[in-house]
Amino acid sequence: MAKSLLPHLSVFLFLFITATASASDWNILSQRSRNGLKISLKNYCESWRLNVELHNIRFFHVVPEECVSYIGKYVTSTQYKVDSERTIEECIVYLTKGCALKGDGTDAWIFDIDDTLISTVPYYKKNQFGGKKLNLTDLEAWMSKAKAPLLDHSLRLFNMLKARGVDIILISARREYLRSATIENLVQVGYHGWTNLILRSPEDEKKEVEQYKADVRRRLVNGGYNIWGNVGDQYSSIEGKPRGRRTFKLPNPMYYVY
């Protein structure tokens with residue numbers, strides 16, 4: 001009986017050693033694409049980031065370990081600022097040339113808050129730029145300090161909308177108990193004069209973020225609002241019906257909310 005097991009055991013050990021060696025030898029720097037193109041770590045991480053923004057990569061919990069440094073450099077770079085500002089510029093072009101505002105109190109524009117109006121990059125800088133699994137309690141403790149810095153390009157759009165008499169609705173996945181800290185943070189960096197700030201109630205917390213925000217927009221539309229634009233850094237902020245006449249996605253490769 002023991003002798004009959006030896007050939008099988010030998011095969012198993014061979015496969016195990018081969019697989020282990022293959023895993024330990026794997027390196028992104030030695031990989032090639034299907035057409036033989038040599039792939040660098042920068043190529044790989046830039047492709048990963050781009051496909052997050054294109055919504056081809058979804059439901060990720062952490063940034064790939066090998067890309068943490070790259071993502072950190074991106075969200076603290078001039079390129080990130082330029083990418084974000086370009087999104088807001090397109091909002092402004094649409095607002096000034098594509099919106100036939102009615103001026104009767106039914107014109108509305110929706111903003112998300114985190115990484116749309118204010119930045120959580122300082123928090124994520126201390127947490128490997130998304131390379132560390134999110135600790136919600138820790139994040140909310142940081143939010144409660146009301147120290148998130150301004151995204152100044154978004155404030156420019158905010159003020160333009162306000163000057164045109166558009167009702168500004170803020171819809172955030174933040175929980176209701178953070179209302180005071182959220183208002184304090186927004187006001188101290190320059191935001192004031194919004195029409196409504198909607199945060200998640202205990203009942204809303206039972207829903208996925210996309211469904212929660214879509215439900216809020218439906219209530220707004222049913223109440224007579226015409227949503228001209230909707231800006232957020234997550235697809236969960238701009239997908240689901242009704243979306244609004246135009247949606248605009250700001251860059252954010254650090255985390256995925258759904």
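A: Let's start with F111 and F158, which are both buried (buried is under 20% relative accessible area, exposed is over 50%, and partly exposed is in between, using a 1.4 Å probe and protein chains only). Before going on, keep in mind that this is a predicted model, where local features need pLDDT of at least 70 and side-chain atom pairs count only at pLDDT 80 or more, while totals for chains, interfaces and linings use all residues. Residues are numbered from 1 along each chain as its sequence is written, and side-chain values use heavy atoms, with hydrogens and water left out.

The structure has 14 aromatic pairs. Rings of Phe, Tyr and Trp (its six-membered ring) pair if their centres lie within 6.5 Å; planes under 30 degrees apart are stacked, over 60 edge-to-face, and the rest tilted. One of the pairs is Y94 with W109: the ring centres are 6.0 Å apart and the planes sit at 45 degrees, so this pair is tilted. Y94 belongs to helix α4 (residues 78-98) and W109 to strand β1 (residues 107-111), so the pair ties together parts 15 residues apart in sequence. Helices (H or I, at least four residues) and strands (E, at least two) are DSSP runs, numbered from the N terminus. Y94 and W109 are buried too.

Back to F111 and F158: their centres are 6.1 Å apart with planes at 40 degrees, so they make a tilted pair. That pair links distant parts of the chain, with F111 in strand β1 and F158 in helix α7 (residues 152-163), 47 residues apart.

There's also an aromatic cluster, made up of W48, F59, F60, Y256 and Y258. Y256 turns up again among the contacts of H55 (contact means heavy atoms within 4.5 Å): neighbours within four places in sequence aside, H55 touches Y235, E239 and Y256. H55 itself is in the loop between α2 (41-53) and α3 (68-75), and it counts as buried because its relative accessibility is 6%.

Two rings have an arginine over the face. R49 lies over Y74, 4.0 Å from the ring centre, and R245 lies over W228, at 4.2 Å from the ring centre. The rule here is that NZ of Lys or CZ of Arg is within 6 Å of the ring centre and within 35 degrees of the ring normal.
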